[in-house]
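Hi there,

Here is the model I promised to pass on.

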Amino acid sequence: MRGARVPHHGVSHQPRTLSVSPPSAAGSAHASVHCPLLHHSRNAFTTSPSAGMEAAAAASDETLAAVFAQLKPHTTALLDVLRSRGPASNSAASSSLRAMAALLRSAPAPALQLCFEYTVFPLLMLLDAAVLCRKEGKAAGQGVGESDITDAIAEGGLACLEILLSKCRLTSVNQMATLLKKLTPGAMFSPTEASEEFRLGIIRCFRAMILQLQSCSDKSCSCKQATVLLTTPTIISSEVCSVVHQKHSAKPDECLLAFLQSQNASAAVGHWLSLLLQSSELEASRGHRGSGGLRKESLLALRILIAKVGSADALAFFLPGIVSRLGKLLYTSKTMISGAAGVL
């Protein structure tokens with residue numbers, strides 16, 4: 001497969017920052033791969049170092065081809081439901097999303113990293129459609145769950161996106177900006193516009209994306225000046241990472257953590273700090289009807305965002321407002337101590 005390219009989904013309009021071209025790898029064509037994820041045998045490393053490296057590289061390519069072959073029908077099904085929007089396609093998409101989530105959980109993280117743009121593209125298109133349906137439904141007087149993109153499909157897509165973001169790293173500022181732009185409208189929905197699970201999925205996707213931002217290897221980078229708390233994800237184990245050869249590991253083209261701490265990202269950081277606080281405040285003010293789970297996820301994402309920015313200079317403008325609103329939130333929680341909204 002090295003050097004070969006597989007036709008994309010056939011979508012004519014694609015975001016500039018995301019490519020839908022599948023990865024390339026050495027080995028047989030991916031269309032003929034129908035087997036489960038392939039793992040190299042330990043016997044391959046018992047002959048010689050060079051033979052072991054070749055065997056590991058071959059196993060890496062086979063694993064990548066197998067993962068892509070299993071992802072392809074699910075991404076195609078998502079694009080089909082976006083085109084048809086019918087009951088039959090909705091049922092098929094819901095089933096496909098459940099299978100896709102299971103595949104993303106079990107697939108090796110390095111292989112998913114090379115399939116990231118191919119996989120995230122239809123998921124972001126689904127998110128766009130779900131957000132648009134709920135905005136139009138609110139304007140037309142529809143209730144929650146009456147959109148063309150049903151709650152089950154929208155929530156299933158967010159579940160897949162969360163898994164993908166928890167196992168893959170972003171490699172450019174454009175990718176991060178695109179994801180923030182896609183997630184922001186969903187985080188602004190009220191309980192009358194979107195289901196609790198949908199709003200919860202948006203917060204979890206944001207948290208997974210921010211949690212993966214790590215310091216770069218450049219010792220002179222500004223990301224080293226921040227005081228970062230213990231927020232390193234433990235989802236990707238060394239055992240999983242060893243399945244795919246080291247050549248398939250991804251390194252960001254630029255330090256995303258340094259960008260998050262920069263003046264250029266301050267508006268986006270401030271907006272998300274406000275959105276997360278607003279989400280917690282809203283659920284607290286709803287009393288018994290509020291969601292303790294949504295409040296908890298919002299506050300956890302708030303903590304991680306503050307920890308990742310980590311710089312006193314970058315947070316100086318926002319800290320007075322954060323402290324003030326957290327104080328009001330705790331006071332509201334005290335008055336609503338009974339019921340779901342009173343659970344911290």
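First, some housekeeping. This is a predicted model, in which local features need pLDDT of at least 70 and side-chain atom pairs count only at pLDDT 80 or more, while totals for chains, interfaces and linings use all residues. Residues are numbered from 1 along each chain as its sequence is written, and side-chain values use heavy atoms, with hydrogens and water left out.

**The chain as a whole**

The chain has 13 helices and zero strands; here helices (H or I, at least four residues) and strands (E, at least two) are DSSP runs, numbered from the N terminus. Of the 344 residues in the chain, 48% are buried. Buried means under 20% relative accessible area, exposed over 50%, and partly exposed in between, with a 1.4 Å probe and protein chains only. Among contacts with a separation of 6 or more, 81% join residues 24 or more positions apart, where contact means heavy atoms within 4.5 Å.

**Helix packing**

Two packed helices are described by the angle between their axes and the distance between the axes. The axes are lines fitted to C-alpha atoms, for helices over the stretch in contact, and angles run from 0 to 180 degrees between N-to-C directions.

Helix 5 (residues 151–167) and helix 7 (residues 196–211) have axes that come within 8 Å and cross at roughly 15 degrees. Helix 5 and helix 7 are therefore roughly parallel to each other; angles under 35 degrees count as roughly parallel, over 145 as roughly antiparallel, 65 to 115 as roughly perpendicular and the rest as oblique. Helix 5 passes helix 7 in a left-handed crossing, a term used if the near helix is turned anticlockwise from the far one by less than a right angle, with right-handed used if clockwise. Residues making the contact include Leu158, Leu161 and Leu165 of helix 5, and Phe198, Gly201 and Ile202 of helix 7.

Helix 6 (residues 173–187) packs on helix 10 (residues 266–285) at an angle of about 25 degrees, with the axes 11 Å apart. Helix 6 and helix 10 are therefore also roughly parallel to each other, and helix 6 passes helix 10 in a left-handed crossing. Leu180, Leu183, Thr184 and Ala187 of helix 6 meet Ala268, His271, Trp272 and Leu275 of helix 10.

Helix 7 and helix 10 have axes that come within 12 Å and cross at roughly 145 degrees, and helix 7 passes helix 10 in a left-handed crossing. The contact is made by Arg199, Ile202, Ile203 and Phe206 from helix 7 and by Trp272, Leu276 and Glu283 from helix 10.

**Aromatic rings**

There are four aromatic pairs in the structure. Rings of Phe, Tyr and Trp (its six-membered ring) pair if their centres lie within 6.5 Å; planes under 30 degrees apart count as stacked, over 60 as edge-to-face and the rest as tilted. The ring centres of Phe68 and Tyr118 are 4.7 Å apart and their planes lie at 55 degrees, so this pair is tilted. Because Phe68 lies in helix 1 (residues 49–84) and Tyr118 in helix 4 (residues 116–139), the pair ties together parts that are 50 residues apart in sequence. Phe68 and Tyr118 are both buried.

Phe189 and Phe198 make a tilted pair, at 6.1 Å centre to centre and 45 degrees between the planes. Phe189 is buried at 6% relative accessible area, and Phe198 is buried at 0%. The charged end of Arg134 sits over the ring of Phe198, 5.2 Å from its centre; this requires NZ of Lys or CZ of Arg within 6 Å of the ring centre and within 35 degrees of the ring normal.

- Arg199 is in helix 7 and counts as buried at 7% relative accessibility. Beyond four places in sequence, Arg199 touches residues including Phe189, Glu283 and Arg286.
- Lys135, in helix 4, counts as partly exposed at 45% relative accessibility. Leaving aside neighbours within four places in sequence, Lys135 is in contact with Pro185 and Phe189.
- Asp151 belongs to helix 5 and is buried, with a relative accessible area of 18%.

Best wishes
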